[in-house]
Amino acid sequence: MNYILKQLKKRRLELGFKQKDMMLRIGLSRQQYQHLESKGNPTLDTLELIAKGLNSELMLIPKEKVTAVNAVLEKTKNEQDKNLLKDPWQDLLGSDNEQ
């Protein structure tokens with residue numbers, strides 16, 4: 001469970017959210033969310049709610065596929081970083097396709 005809780009915190013920080021922001025996003029007080037993130041034992045329903053609030057999805061990945069999934073995610077991240085280096089203003093104002 002600690003790994004999942006660390007991932008929740010990491011994702012929250014990546015998005016620039018504070019624990020108190022989670023009240024507006026998922027309806028948990030800062031204290032409730034702080035407890036869950038530090039040493040809680042959330043139910044599956046609560047995990048799904050938190051994931052939604054963090055613009056994420058819960059997934060079960062077979063152990064034999066974890067390495068492959070991580071490789072794809074890392075490749076995607078590296079490609080995004082390279083594109084950002086080429087054009088640091090990319091998607092700053094939204095997609096050109098948006099009308």
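Analyst: One cut-off first: a residue counts as buried under 20% relative accessible area, as exposed over 50%, and as partly exposed in between. Arg11, at 25% relative accessibility, is therefore partly exposed. Keep in mind that this is a predicted model.

Arg11 has a salt-bridge partner in Glu14, with 3.9 Å between the closest N and O atoms. Both residues sit in helix H1, three residues apart, or about one turn of the helix. Glu14 comes out at 52% relative accessibility, so Glu14 counts as exposed.

Now for the other pair. By the salt-bridge rule the chain has two of these, and Arg12 makes one with Glu37, at 2.8 Å from N to O. Arg12 belongs to helix H1 and Glu37 to helix H3 (residues 30–39), so this pair ties together parts that are 25 residues apart in sequence. Both ends are out of the solvent by the cut-off above: Arg12 is buried, with a relative accessible area of 5%, and Glu37 is buried as well, at 8% relative accessibility.

Glu37 has another polar partner, and that's Gln19. The two side chains make a polar contact at 3.0 Å. Gln19 is in the loop between helix H1 (2–14) and helix H2 (21–26). Leaving aside residues up to four places away in sequence, Gln19 touches Arg12, Arg30, Tyr33, Gln34 and Glu37. That list includes Arg12 and Glu37, the two residues whose side chains meet in the salt bridge.

For contrast, here's a bit of the nonpolar surface. Met1, Tyr3 and Ile4 make a nonpolar surface patch of about 330 Å². Met1 lies in the segment before H1 and is partly exposed, with a relative accessible area of 45%.

Stepping back to the whole chain, there are five helices and zero strands, giving the pattern α-α-α-α-α along the sequence. The chain exposes about 8,400 Å², and carbon and sulfur atoms supply 54% of that. As for contacts with a separation of 6 or more, 49% are between residues 24 or more positions apart.

Conventions:
Residues numbered from 1 in each chain as written. Predicted model: local features only at pLDDT ≥ 70, side-chain atom pairs only at ≥ 80, totals over all residues. Heavy atoms only, no water. Helix = DSSP H or I, 4+ residues; strand = E, 2+ residues; numbered from the N terminus. Polar contact = N/O pair within 3.5 Å; in protein donor to acceptor, adjacent residues only side chain to side chain. Contact = heavy atoms within 4.5 Å. Patch = residues over 30% accessible without salt bridge, like charges linked within 9 Å, V, L, I, M, F, W, Y side chains within 5 Å. Areas by Shrake-Rupley, 256 points an atom, 1.4 Å probe, with all protein chains shown as cover. Salt bridge = Lys/Arg side-chain N within 4 Å of Asp/Glu carboxyl O. Buried < 20%, exposed > 50% of the residue type's maximum accessible area, 1.4 Å probe, protein only.
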